[in-house]
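My plan is to look up the contacts, then the angles, then the ends.

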Amino acid sequence: MDEKALQYAYELFQADGYTGSVDDFKNLLNTNPDAFNYSFQLFQTDGYQDSIEDFATLLGVKKKDNTEVTNVSVPDVGENQPTSSI
């Protein structure tokens, strides 16, 4: 796991309104595929060009399935959990 990449992903999520701790964020990425996909999308928007599998490895996320990144739009992330619209 790359701690700097995790911190950066966390900061991108926070910029969208996420208020949980970095530990909560790590747990969220490991348990919520939609949140993981959204984080990947934020990283891509910021210039990341590697695969979703590489992203999971970079952040130390244990992907439970081969969920493809979808076009998700989350204008606001609720406290400690992304909104159900992810």
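**Entry 1: α3 with α4.** I looked up which residues touch. Phe36, Asn37, Ser39, Phe40 and Phe43 in α3 meet Ile52, Phe55, Ala56 and Leu58 in α4. Contact means heavy atoms within 4.5 Å. The residues of this contact divide into 7 nonpolar, 2 polar and no charged. Here Ala, Val, Leu, Ile, Met, Phe, Trp, Tyr, Cys and Pro count as nonpolar, Asp, Glu, Lys and Arg as charged, and the others, Gly among them, as polar.

I then checked the geometry. The axes of α3 and α4 come within 11 Å and cross at roughly 100 degrees. Axes are lines fitted to C-alpha atoms, for helices over the stretch in contact, and angles run from 0 to 180 degrees between N-to-C directions. The two helices are therefore roughly perpendicular (65 to 115 degrees; under 35 is roughly parallel, over 145 roughly antiparallel, the rest oblique).

**Entry 2: notes on the model.** This is a predicted model: local features need pLDDT of at least 70, side-chain atom pairs count only at pLDDT 80 or more, and totals for chains, interfaces and linings use all residues. Residues are numbered from 1 along each chain as its sequence is written, and side-chain values use heavy atoms, with hydrogens and water left out.

**Entry 3: α1 with α3.** I repeated the search on α1. Ala5, Tyr8, Ala9, Leu12 and Phe13 in α1 meet Ala35, Tyr38, Ser39, Leu42 and Phe43 in α3. This contact has 9 nonpolar residues, 1 polar and no charged. The axes of α1 and α3 lie 10 Å apart, at an angle of about 95 degrees. That makes α1 roughly perpendicular to α3.

**Entry 4: α3 itself.** Helix α3 covers residues 33-45, 13 residues in total. From first C-alpha to last, α3 reaches 18 Å, close to the 18 Å expected at 1.5 Å a residue (1.5 Å times one less than its number of residues). Which residues of α3 are buried? They are Ala35, Phe36, Asn37, Tyr38, Ser39, Phe40, Gln41, Leu42 and Phe43. Buried means under 20% relative accessible area, exposed over 50%, partly exposed in between (1.4 Å probe, protein chains only). These buried residues pack against α1 (3-15), α2 (22-31) and α4 (52-59).

At the start of α3, a side-chain oxygen of Asn32 reaches to within 2.9 Å of the backbone nitrogen of Asp34. Just after α3, Gly47 takes a positive phi of about 115 degrees.

**Entry 5: the whole protein.** I counted 4 helices and 0 strands. Helices (H or I, at least four residues) and strands (E, at least two) are DSSP runs, numbered from the N terminus. Buried residues make up 37% of the 86 residues.

Key. Polar contact = N/O pair within 3.5 Å; in protein donor to acceptor, adjacent residues only side chain to side chain.
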